[in-house]
Every structure is written in structure tokens, then in C-alpha cells.
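Please open the model in your viewer and keep the selection tool at hand. The stops below go from one selection to the next.

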Amino acid sequence: MFPIKRNRRLRTNQTLRNLVKENSITANDFLVPLFIVEGNNIKEEIASMPNYYRFSLDQLDAELNELWALGLRSVLLFVKVPEALKDNEGKEALNPNGLMQRAIKHIKNLYPEMIVMTDVALDPYSIYGHDGIIEDGVILNDETIAFLAEMSISHAEAGADFVAPSDMMDGRILEIREALDDHDYTNIGIMSYSAKYASAFYGPFRDALDSAPVDLKNIPKDKKTYQMDPSNRIEAHRETELDIEEGADIVMIKPGMPYLDIVRDIKNEFDLPIAVYQVSGEYAMIKAAAEKGWLNHDEVMLESIIAFKRAGADIIASYFAKDVIKLLAKN
Ligand code: PBG
């Protein structure tokens with residue numbers, strides 16, 4: 001009798017489907033990005049990221065309490081730096097009393113067991129909106145990584161558990177690892193943005209931090225001399241392999257959904273935890289389509305997250321983390 005194999009048998013009802021499910025999502029999978037601003041009493045919605053906010057430190061506790069209660073216990077910090085404190089070298093990033101350093105202390109003080117990861121990059125501090133120091137229109141590599149190493153020390157001093165360099169300069173993982181070790185921060189980890197593409201999906205994030213490259217003569221208009229070309233697959237292997245050799249503890253692929261092939265490649269080829277970043281533009285797309293009634297928000301959100309697990313991600317940085325866990329708790 002044809003067909004002898006009937007795959008639909010395993011899809012007969014929900015209990016059976018649950019039994020044969022290959023991947024599922026829990027709060028442990030998530031890394032929650034947090035945007036911090038200077039000031040008091042600020043919880044402002046980011047225009048291109050509906051229902052996502054920038055918090056001043058005094059407004060952060062309610063958010064942290066909620067995250068902790070939901071089981072979301074790892075955060076990735078970004079700061080919005082006042083214009084007046086920006087320069088070419090990002091000097092404010094080393095201020096021991098700067099916003100990032102205060103944010104780290106604030107969170108570790110309230111939740112010592114929360115994993116605090118920090119963005120290590122120049123762009124929020126750069127008057128030019130670039131991830132590197134600029135001279136004569138060129139992004140300097142070696143000067144920048146020396147600076148990123150100092151920035152990492154500063155975050156470690158403030159109490160960060162992990163630093164997460166998102167700049168894509170060459171050699172920065174080794175420079176940072178050696179600097180951390182020289183300062184006896186041997187237990188501070190590095191989550192490297194290893195395969196980070198020059199993506200237009202970062203648009204809303206740059207609105208959130210006011211960190212887009214400026215439109216000035218002799219300043220590169222985009223990040224294509226350091227972030228990767230979206231056409232390239234083999235190069236992601238090369239980038240990731242180097243970061244691992246240089247001492248990365250976790251490697252990240254970014255953006256997420258358009259780069260699931262890369263997530264799977266890296267998962268198959270290397271044996272350390274793989275993170276993926278569902279970036280601001282991916283979030284904005286789903287929100288906008290849902291607002292228009294064109295997509296079912298919750299279903300598309302869950303489908304997008306399970307796709308990361310299926311592709312091989314161990315850690316998912318996503319602006320949907322809270323919504324996903326709340327939704328799963330209801331079901
Ligand atoms: C910059 C940085 C960016 C993001 C994280 N770190 C933007 C960029 O490279 O221009 C993007 C995150 C997102 O879009 O959600 N160091």
C-alpha cells in the first residue's frame with residue numbers, strides 16, 4: 001500500500017507534536033539588550049523600535065526586576081552618550097564614572113548574579129559615529145584596538161562579566177584578552193561579534209543611540225571597510241576562526257534572520273557557544289507589519305526565534321526576549 005511511510009502520523013495532535021519537537025525556547029537562551037541614557041526619570045520609547053525603551057539608571061530597576069522574575073538573567077548593555085562628551089577617540093568610554101561604568105555597577109549591585117555583558121565599541125562615543133579612530137578619512141585599526149583593550153579593562157573594573165567587542169577591527173580579541181589577563185581579569189569573558197555584516201538592518205539601533213556615521217566630507221559614509229560584505233560566506237569562517245584562536249569564549253553572528261546559513265556553518269565548524277543577534281531592523285520589520293495587521297505578531301515573533309535555535313544558536317540576543325517568555329508562560 002502506498003505510501004508506506006507517513007510522516008503526518010507524527011503531526012496528528014499537539015501532544016505528539018510536542019513529543020517529537022526538535023527545538024524549544026526557554027529564558028536561558030536569551031541575552032537582553034538594554035539601552036541606557038544619562039539623566040533622571042527617563043523611560044523613552046525608541047521611535048523605530050515600538051515598545052522598546054531607553055532607560056535612565058533610576059528607571060532601570062523595575063525593568064531589571066521584571067527580567068529577573070521572567071528568568072531573563074543575562075543583559076547586553078549599550079549607552080547613549082551625550083553629544084558634548086563625544087570625540088574622535090571616544091575618551092569618555094574610559095571615564096571610571098561614565099554612564100556604562102555606572103550602569104554596570106548599578107545592575108551588579110541590584111542583581112549580583114545577573115550576567116552583565118557590555119558593548120565594547122567606539123561608535124556611541126565617536127563624533128563621527130564610527131567604530132574606530134579616524135585619521136585623514138581612514139579608520140585606524142591598531143590605534144583603535146589599543147583603545148578597545150583599555151575600554152574592556154574599564155568595564156571589567158566596573159564589574160562586567162563579559163565584554164562584547166562589536167567593532168570588527170582586526171586583532172582586537174587578542175589585544176583585549178591579553179589586556180584583561182595582564183590586569184588579572186582572567187575570568188572576564190569575551191563574546192566576540194565575529195561575523196558582523198555591514199547591514200542596513202542596524203538602522204533603528206543607530207536611531208536609538210544616535211550613533212549613525214555622520215555625513216561629513218572625508219568621513220566614510222558607511223562601515224564597509226570593517227564590517228563584512230553581505231555577499232560573503234567563507235569569510236565568516238575566517239573571521240570566526242581567528243577570533244577563537246585569539247581567545248573568544250563565545251562568538252556571535254549578526255544580523256540574525258538573513259544570516260541563518262552563517263549560524264549553521266559556524267555551529268557545524270566550531271565547538272564553542274554560538275550567539276546570534278536579532279538586530280533592531282529585524283525587530284522593527286515584524287513590529288511594523290504587525291501594526292499594519294499584515295502579520296500575526298506573536299506567531300511571527302516565535303517563529304523567528306525558533307529559527308535561530310534550529311539554525312544552531314545557543315544564545316539569542318533579541319529585543320523580543322521579554323515578549324517571548326511572557327507568551328510562552330501563557331501557553
Ligand atoms: C555598533 C553596534 C551596532 C549594533 C550593535 N553594536 C550598530 C552598528 O554596527 O552600526 C546594532 C544592533 C542592532 O541593530 O540591534 N558597535
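Select Lys43 and Tyr53 to begin: Lys43 lies over the face of Tyr53, at 4.5 Å from the ring centre, where a charge sits over a ring if NZ of Lys or CZ of Arg is within 6 Å of the ring centre and within 35 degrees of the ring normal. This is a predicted model, in which local features need pLDDT of at least 70 and side-chain atom pairs count only at pLDDT 80 or more, while totals for chains, interfaces and linings use all residues. Residues are numbered from 1 along each chain as its sequence is written, and side-chain values use heavy atoms, with hydrogens and water left out.

A search of the whole structure finds 14 aromatic pairs (rings of Phe, Tyr and Trp, the last by its six-membered ring, with centres within 6.5 Å; stacked if the planes are under 30 degrees apart, edge-to-face if over 60, tilted for the rest). Tyr53 and Phe55 form a tilted pair, 6.3 Å centre to centre with 50 degrees between the planes. Phe55 is buried, with a relative accessible area of 5% (buried is under 20%, exposed over 50%, partly exposed in between, with a 1.4 Å probe and protein chains only).

Next, select Tyr197 and Tyr259, whose ring centres are 4.3 Å apart with planes at 25 degrees, so the pair is stacked. Tyr197 lies in the loop between strand E9 (189–196) and helix H6 (203–209), and Tyr259 in the loop between strand E10 (250–254) and helix H8 (260–269), so the pair ties together parts that are 62 residues apart in sequence. Helices (H or I, at least four residues) and strands (E, at least two) are DSSP runs, numbered from the N terminus. Both Tyr197 and Tyr259 are buried.

Now select Lys254, which lies over the face of Phe205, at 5.9 Å from the ring centre. The peptide bond from Lys254 to Pro255 is cis, with omega near -5 degrees, and Pro255 is in the loop between E10 and H8. Phe205 also belongs to a cluster linked by ring pairs, including Phe35, Tyr52 and Phe78.

Which residues with positive phi come next? Asn41, with phi near 60 degrees, lies in the loop between E1 and strand E2 (43–46) and is exposed at 60% relative accessible area. Met168, with phi near 70 degrees, is in the loop between strand E8 (162–165) and helix H5 (172–182), and counts as buried at 3% relative accessibility.
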